[in-house]
Amino acid sequence: MSEQATGDATQIVQVHHEGAIAIVTLNYPERRNAFSLKMREKLYEHLYQLMHHEAGCRALVLTGAGNTFCAGGDISEMKPRKVLDYRERNQLPLEIFKLMVSGPKAIVAAVEGFAMGAGVSLAAACDMVVSSSEARYASAFVKVGLMPDTGLYWSLAQRVGGARARELMMTAREFNGVEALQIGFANQVVEPGQALAAALDIAGKYAALPAVATAHLKAALATGIHTLDEAIETEVNLQPILRRSREHQEAVSAFMEKRQPVFVAD
Amino acid sequence: MSVEQNEAPEGAGGQPDTDANVAEIVQVRREGEVAIVTMNCPSRRNAFSMKMRVALIDAFQRLVHEDAATKAIVLTGAGGHFCAGGDLSEMNAATPTLLELRERIAVAVRLFKLIYAGTKPVVAAVEGTCFGAGLSLAAACDVAVSSSTAKYCCAFVKVGLLPDTGLLWTLPQKIGGGKARELMLKANVIDAAEALRIGLVNQTTEPGRALDAAIKLAARFASFPPVTLALLKASLVTAGNSIEDAWRLEMDLNPLTRQTDDHTEAVAAFMEKRKPVFNGT
Amino acid sequence: MSGMHTGKDEAPALIQVTCDGPVAIVTLNNPGRRNAMGRQMRQLLRDTMHRLMAGDPESRAIVLTGAGEHFCAGADISEMTKRTILQSREILAESCVVVRDMLAGPKPVVAAVEGVAFGAGLSLAVAADYVVAASNARFCAAFLRVGLIPDTGILWTLPKKIGMSRAREMLSLAAEIDGTKAGAISLANEVVEPGTTLAAAIEVARGLAEHPPLAIALLKAALTDGATTMDAALRTEIDYQPVLRQSRDHQAACRAFVDKSKPVFTGQ
């Protein structure tokens, strides 16, 4: 697999390509990858590019430099501001969250070290979370008089259920990678140092699956399937389209001819 | 209205049970910023009679909306039991009209909302039996601490009723839709270990120690900025519903909380490496 | 006590129904193809399930299982020939009627899963109220592998059962898990020795059949359609509970509690 580095090592968000997988690294290790304004801007830029304009990228991995994921917002940036100013500043994290959750490509979190505040929000917004057993998570917002942000309201409840999300947000308590697996926050738990390798493995599986079906499924889940009728409506609307896709027809042919399918997106 | 009104004592510090207190069907006392609400009808294992319901509403109404000194609430039961459920002999005695029944259920719903959707955190301390409406009350709390010998049962369907007092919502929220459907249909009894495993309770303790642990937890809540905690709890009722709801709540509430004195104090305390002092504004 | 209803006289029906007291056992019967479901079989299942739910006073609970060694390998891929969009829509809607009946219909459904439950087979298992799985059963939302999105209601039923992050793993990666793992994540309610799922499922169904039928019916309706938000759940209990309080079965239960006797439930 060829490896291309985009930009130099001082970039606050780095992107490397490994075949069809893009590895996005939050790179501000001296502040434990704090989610500063500059990082938010760069992350949005790169995610948008990868999700919507890079055909060679089929899946993403999100991770942090310096053996830690992201320790949260940059508290030194929290100066008093006007209400309208805050509303504007809130826009960007929400756009990032939306991109991750409803974009067409799967994104896998590889978490080592701290994932707190915005860090836990970013991990929760991913499709799958691979966690070091010693990773440390917390929705610590309420302790500093803040609400959870970057979509955590939605993404935490999705992952661990409404009541557990309520408990974690209200108590602001810490949990580690082992508990993360138990409560459904993480999909897989590994030895410290192994999260990236395991995440790449999963991303590779996503990259090998039909791209059109993947994109449609992700969009359907993001819209939210709150009732049985919504599920039925969604599948009745989308499935006929997928039945006519090249990938589906190739899969059917491969099945009948007893061979492996070779997927080419429409 | 309940005949046995219980006046919550003002001021800090624990209050011993006065003679009047002991006879109350719902007792209220305070330890620091934590109010302890005790269901007190041990001879009926604290059955959820109409009288009990009304007394609980009075207590919660006062603690949540009128008592600024209370920052967090613990709900528990006297006599080694939490609550064994609805009062079946009361239900057997008379069948009210359909409209009267609607009103009675609305009463339970009012209580549920005070606990689940109110502005102060509520911790359940469960010993012994937690069946039917008892389960509903425990599930309505933000967190539950359970004695290792407590027993849980969603008993409603066995007596031909629907799970009520919010349990149709809260049980799936706590333990997931599949497990909730199972417990509601089978109406089987589960123990504390299972309750912990599936997420119905958050912590288990030695028998007799659930209340102490619950008070500790409640004190932790009491140490957080009250306005933020209240906004958080209120917003969580609808926040998980959809991305749009979550987005709107974040956009609307974050700027608000950043304007509070308590947030400014928290940031200052962090930068100065000291403990914050919150005053609730 | 058992009756066989066959669709044709020449060949065994693709869907078979037998009775065991108050339990109706529905068997997917295409064992040569691991009970893969073509259109005819799906329509028969739809009609059978609807009849049992809506018009069969003999049964109070339903068991769903597969003939032979497997539950159901999913939709019949050989039937996935080119269809118009409108045809596809119609066919999908047919499958969804079954799932709706299973989830919101008045009688509890217990799935007995041996072998594979793949694709739409998984969707059917997950639509049951209670799943008994063999420890070596295999569950897989295989849809993505053939370039389709997961269907037959599974986009709602699976996250409801096992939570969204585990559901995402199964749905978007087409990850396969066995019966033991299914038990650990609450996809299966009970895990048993291979070969014993049907007996175990019938026992569970018999227990559920003893509960007051009206309460069960309203509970299932409430859980499927009536509790999607907190406000909806509260409205549902205010609307339905008074009806149940006035039911003969509830009053029989109260009397039995006071008299310390065993109540007899009639569904009224």
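Good morning. A:Arg166, A:Met169 and A:Met170, in helix H5 of chain A, meet B:Leu229, B:Leu232, B:Lys233 and B:Leu236, in helix H10 of chain B. Please keep in mind that this is a predicted model. Sorted by class, the residues in this contact of H5(A) with H10(B) are five nonpolar and two charged, with no polar ones.

How do the two helices lie relative to each other? The axes of H5(A), residues 162–171, and H10(B), residues 226–239, come within 10 Å and cross at roughly 170 degrees. Angles over 145 degrees count as roughly antiparallel, and H5(A) and H10(B) are therefore roughly antiparallel to each other.

I turn now to the contact between chain C and chain B. Chain C contributes 43 residues and chain B contributes 32 residues. On the side of chain C that touches chain B, helices H4, H7, H8, H9 and H10 of chain C each give two or more residues. H9(C) gives the most, with eleven residues. By class, this side of chain C divides into 24 nonpolar, twelve polar and seven charged residues.

Finally, the sheet in chain C. Six strands form an open sheet in the order S1-S2-S3-S4-S6-S9, with mixed pairing. Strands S1 (15–20) and S9 (190–192) of chain C stand at the edges; each has a single partner strand, so one side of each is left without a neighbour in the sheet. From one strand to the next, the twist averages 20 degrees. Within chain C, strands S2 (residues 23–28) and S3 (residues 61–66) run parallel and are joined by six bridges. C:Leu28 has C:Gly66 as its bridge partner in S3(C). Thank you.

Key
Residues are numbered from 1 along each chain as its sequence is written. Chains are lettered from A and ligands numbered from 1 in the order in which they are written. This is a predicted model: local features need pLDDT of at least 70, side-chain atom pairs count only at pLDDT 80 or more; totals for chains, interfaces and linings use all residues. Axes are lines fitted to C-alpha atoms, for helices over the stretch in contact, and angles run from 0 to 180 degrees between N-to-C directions. Helices (H or I, at least four residues) and strands (E, at least two) are DSSP runs, numbered from the N terminus. Angles under 35 degrees count as roughly parallel, over 145 as roughly antiparallel, 65 to 115 as roughly perpendicular and the rest as oblique. Two residues are in contact if their C-beta atoms, placed from the backbone, lie within 7 Å. Ala, Val, Leu, Ile, Met, Phe, Trp, Tyr, Cys and Pro count as nonpolar, Asp, Glu, Lys and Arg as charged, and the others, Gly among them, as polar. Two strands pair if DSSP finds at least two bridges between them.
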